[in-house]
Amino acid sequence: MPERTAFIGARVVDPVSGRDEVADVLVEGSVVADVGRDVSAAGATRLDCHGLVLAPGLVDLHAHLREPGREDAETVETGSRAAAAGGFTAVAAMANTDPVADTPAVVEEVRSLAARAGICDVFPVGAITRGLAGEEMAAIGEMAAIGVRLFSDDGHCVPAARVLRNALQYAKAFDVVIAEHCEDPSLAEGGQMHEGYHSYTLGLPGKPAESEEIIVFRDLALARLTGGRLHLQHLSAGGSVELLRWAKAAGVRVTAEVTPHHLVFLDEDLVTYDTNFKVNPPLRSPGDREALRAALADGTIDAIATDHAPHAVEDKEAEFDQAPPGTIGLETALAAVLTHLVEPGLLSLSRAIEALSTAPARILGSSEHGGPIEPGRPANLVVFDPSADWIVEPPFVSRSRNSAFLGRTLRGKVLHTVLRGRLVVADGKAQR
Ligand SMILES: [Zn+2]
């Protein structure tokens, strides 16, 4: 007899079926067995979920799990635990490890580490170019053959248009996605923050919004030319959003993501020189943030992705210009979105779940995640309390603590994370 768990009386939000109503969800073994009012929970462990939201498990298109290479900052296991604590049942692990994931061997290593941890599904991302050097193509075909769906040189832009054109052309043959960190290196080099009023007053070299927009336009033009699938990572600038809107209307095969920190913070938050606000691309102006929020709400930007970027304390506590860019994000993404977008009425709860789960699952090509919540479907679920306040502070589940949200109060707390029917987080606590 497979194990049965009944989630009783939750507000079930399923963007795929459009369901948003109070219901019970019965999980049997690894799948959803029943959804509705008064499901037969005989012999099941009953979890009272009144006042809670039950949704498809979250999916992150953009996490740095740092293994192999920087296990002092994060490992596949600690990153998986941080993901589960944040309500994620799947994460895409970026390729900029050491060694770089530019061959099937590194991909297989990350996969086996994730399988051993068994807490969250990890989808290794393959590099576009060998060693992220932007010159020769990585083993895209071989990695695609073992199921890699997303390819990115994240951390770097692919600087030569010809190389990106070839990658998009090649990716089309395997029906995989080329994901770009859009930043013109010649314009952004040496930049510490968004170029504007605050970079001038703080005396820090800036990166203009144009350093992103120029590459966004170039890449959209190349996607149009080749017919390849393009995904734009962590958009930060309002102009990028306008270009994306134009390209989608023109039928270019493109999707895009935005991070919680770009949706919440601004360049002016850097006035304290807090290195946790030093991110890449940089936090930008109020107008840029406005454009990102609107584009997320209307679906121009498809997904919310964390860009979870753990760094060792000694690295991040360096002088501002020496500190590496990035903030951790897996444990705060859902609450940041609920607090700063859903609660003020800028985003519906259903659209938030779609952007955090359904859309990224679709981009990853994963049919197991992102819903729908229906009988027979894999039980990858999150249950959270939308009205619980908490303060973001150590200890984190992540091995690192460089959070831009440090010290902030957020509303919305993950209670249960369910991976194929198994409670990997229960009552807010990790399960062994
Ligand atoms: Zn990046």
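**Close-up 1: Asp154 and His181, two buried residues**. Asp154 has a relative accessibility of 3%, so it counts as buried (under 20% relative accessible area with a 1.4 Å probe, protein chains only; exposed is over 50%, partly exposed in between). His181, at 2%, is buried too. This is a predicted model: local features need pLDDT of at least 70, side-chain atom pairs count only at pLDDT 80 or more, and totals for chains, interfaces and linings use all residues. Residues are numbered from 1 along each chain as its sequence is written, and side-chain values use heavy atoms, with hydrogens and water left out.

**Close-up 2: The zinc ion and its donors**. Asp154 (OD), His181 (ND1) and His234 (NE2) coordinate the zinc ion at 2.0 to 2.3 Å. Donors here are N, O and S atoms within 2.8 Å of the metal (3.2 Å for Na, K and Ca); water is not among the atoms, so sites may look incomplete. Along the sequence, the spacing reads D-x26-H-x52-H. Asp154 sits in the loop between β9 (150-152) and α4 (161-174), and His181 in the loop between β10 (177-180) and α5 (185-188), so the pair ties together parts 27 residues apart in sequence. Helices (H or I, at least four residues) and strands (E, at least two) are DSSP runs, numbered from the N terminus.

**Close-up 3: Strand β13, covered on both faces**. Within β13 (residues 229-232), Arg229 and His231 are buried on one side, Leu230 and Leu232 on the other. β13 runs parallel to β10, with four bridges joining them; strands pair if DSSP finds at least two bridges between them. Val177 has Arg229 as its bridge partner.
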